[in-house]
Structure formats: structure tokens, C-alpha cells
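Subject: Structure handover

Hello,

Here is the structure you asked about. Please open it alongside this email, then read on for what turned up.

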There are 2 protein chains.
Amino acid sequence: MTKAIFYHAGCNVCVDAEQQLAYSLDPKRFDVEIVNFADAPGRIREAEAAGVKSVPAFVIGGQPYHINFGASMADVKGA
Amino acid sequence: MTKAIFYHAGCNVCVDAEQQLAYSLDPKRFDVEIVNFADAPGRIREAEAAGVKSVPAFVIGGQPYHINFGASMADVKGA
């Protein structure tokens with residue numbers, strides 16, 4: 001199983017991407033975790049360490065994949 | 001089945017996203033098509049009509065999801 005973490009911040013762009021993509025990975029191959037920074041601000045550091053610059057974003061196998069643009073990590077930290 | 005089209009242009013960012021995401025959707029729920037504009041320039045118009053501004057990008061259920069940034073559609077058309 002490959003670990004896939006979907007980071008978001010509750011924004012409209014995030015929610016749409018969550019519904020269309022985050023739950024769409026093959027459950028036989030991916031262990032998907034959804035992280036909302038509004039609920040889990042303690043996860044911001046790990047996301048940034050993985051290269052996440054904006055949300056929504058996936059980190060799959062340690063690599064960041066930014067999906068469209070909802071908010072920058074600076075916005076997230078300032079919220 | 002939901003139609004999911006992954007558009008790319010052969011760039012490094014595209015190839016990585018293709019390997020990590022395009023083939024990762026649940027095959028029970030998604031009918032995935034991979035389109036390389038280098039091979040299929042005739043597909044550029046439909047991608048732009050769906051809202052694709054850069055590659056790599058998914059169009060899932062008619063909605064565009066840009067993944068990181070490889071090249072703009074202007075770059076693709078100028079190539």
C-alpha cells in the first residue's frame with residue numbers, strides 16, 4: 001500500500017478536489033488519509049517538509065501534488 | 001463509470017504525475033484516458049473547452065484539476 005495524504009483547509013476549491021480526487025484513488029493500492037489543517041494545525045509542518053506550497057494537495061509516496069489552487073500555506077498559517 | 005482524462009505534454013512534471021496519479025484512480029469507478037498533446041494536438045481544443053489552463057491536468061466528470069505545473073497551454077500550442 002502506498003500512503004497518500006490529502007491536505008486541505010476547508011476552502012471551496014479544497015472541498016471539490018476532495019470529493020472528486022481524494023476519495024478516487026484505488027483503495028487496493030492506496031491508504032488515503034484526509035487532513036484538514038483547520039482541525040489539525042499540528043500537521044502543517046510535515047506538509048511543508050514534504051514540499052506542500054498550497055492546498056489542496058496530495059502527498060503520495062512522499063511527493064507533493066498540488067491540485068488547482070485554493071490557498072497558499074502562508075494563508076493557511078495566517079488563518 | 002466516471003470519465004477521467006489525463007492531459008499532458010510529455011514534460012518531466014507530466015510524466016511523474018502520470019505515473020503517480022493518472023494510473024492511481026480506482027479502476028472500478030473511473031474510465032481513465034491518457035492524452036499526450038504531442039501525439040494528439042487535435043485534443044487541445046476540447047481540453048481548453050473543459051477549462052484546462054496548464055498540464056498536467058485531469059478532467060474528471062467535466063471539471064479540470066491542474067496538478068502541479070509543467071507547461072501552460074500557450075506553451076503547449078507553441079511547441
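A:His66 touches residues of both chains. On its own chain, leaving out residues up to four places away in sequence, A:His66 meets A:Gly51, A:Val52, A:Lys53, A:Ser54, A:Pro56 and A:Ala57. From the other chain, B:His66, B:Ile67 and B:Asn68 touch A:His66. Please keep in mind that this is a predicted model.

A:His66 sits in strand E4 of chain A, residues 63–72. Is A:His66 buried or exposed? A:His66 counts as buried, because its relative accessibility is 14% and the cut-off for buried is under 20%. The A:His66 side chain also has a polar atom 2.8 Å from the backbone nitrogen of A:Lys53.

The interface

Next, the two chains together. In the contact between them, 19 residues of chain B meet 19 residues of chain A. The size of an interface is often given as the accessible area lost when the parts come together. Here the area buried between chain B and chain A is about 1600 Å². Carbon and sulfur atoms give 50% of that area.

Which three residues supply more of the area that chain B buries against chain A than any other three? They are B:Gln20, B:Tyr65 and B:Asn68, with 33%.

How many salt bridges are there between chain B and chain A? The count is 0. Polar contacts are found, though: 10 residue pairs across the interface of chain B and chain A, both residues at pLDDT 80 or more.

E4(B) provides the largest share, 5 residues. By type, the residues on this side of chain B divide into 11 nonpolar, 4 polar and 4 charged.

The strands of chain B

E3(B) is mostly covered, with 7 of its 7 residues buried. E3(B) pairs with strand E1 (residues 2–8) of chain B through 4 bridges, and the two run antiparallel. In E3(B), B:Val59 stands opposite B:Ile5.

E3(B) is also joined to E4(B). This pairing is antiparallel too, with 6 bridges. B:Phe58 has B:Tyr65 in E4(B) as its bridge partner. B:Tyr65 is also one of the three residues named above for the interface area.

E3(B) and E4(B) form a hairpin with 2 residues between the strands. In that hairpin, B:Gly61 takes a positive phi near 55 degrees.

B:Ser72 is also in strand E4 of chain B. B:Ser72 counts as buried, at 18% relative accessibility. B:Ser72 touches B:Lys53 and B:Ser54, again not counting residues up to four places away in sequence.

Salt bridges

Side chains of opposite charge can pair when their charged atoms come close. Over all chains, the count comes to 12 salt bridges.

One of them joins A:Lys3 and A:Asp31, with the closest N and O atoms 3.8 Å apart. This pair links distant parts of the chain: A:Lys3 is in strand E1 (residues 2–8) of chain A, A:Asp31 is in strand E2 (residues 30–36) of chain A, and they are 28 residues apart. A:Lys3 is partly exposed, at 37% relative accessibility. A:Asp31 is partly exposed, also at 37%.

A:Lys3 and A:Asp31 belong to a network of salt bridges, in which they are linked with A:Glu33, A:Arg43 and A:Glu46.

A:Asp26 and A:Arg29 form another salt bridge, at 3.0 Å from N to O. Here A:Asp26 is buried, at 7% relative accessibility, whereas A:Arg29 is partly exposed, at 35%.

In chain B, B:Glu33 and B:Arg43 meet in a salt bridge, at 3.0 Å from N to O. What does this pair tie together? B:Glu33 lies in strand E2 (residues 30–36) of chain B, and B:Arg43 lies in the loop between E2 and helix H2 (44–49) of chain B, so the pair ties together parts that are 10 residues apart in sequence. Both count as partly exposed: B:Glu33 at 24% relative accessibility and B:Arg43 at 22%.

Best wishes

Methods:
Residues numbered from 1 in each chain as written. Chains lettered and ligands numbered in written order. Predicted model: local features only at pLDDT ≥ 70, side-chain atom pairs only at ≥ 80, totals over all residues. Heavy atoms only, no water. Salt bridge = Lys/Arg side-chain N within 4 Å of Asp/Glu carboxyl O. Buried < 20%, exposed > 50% of the residue type's maximum accessible area, 1.4 Å probe, protein only. Contact = heavy atoms within 4.5 Å. Buried area = accessible area lost by both parts, 1.4 Å probe. Polar contact = N/O pair within 3.5 Å; in protein donor to acceptor, adjacent residues only side chain to side chain. Nonpolar A, V, L, I, M, F, W, Y, C, P; charged D, E, K, R; others polar. Pairing = 2+ DSSP bridges.
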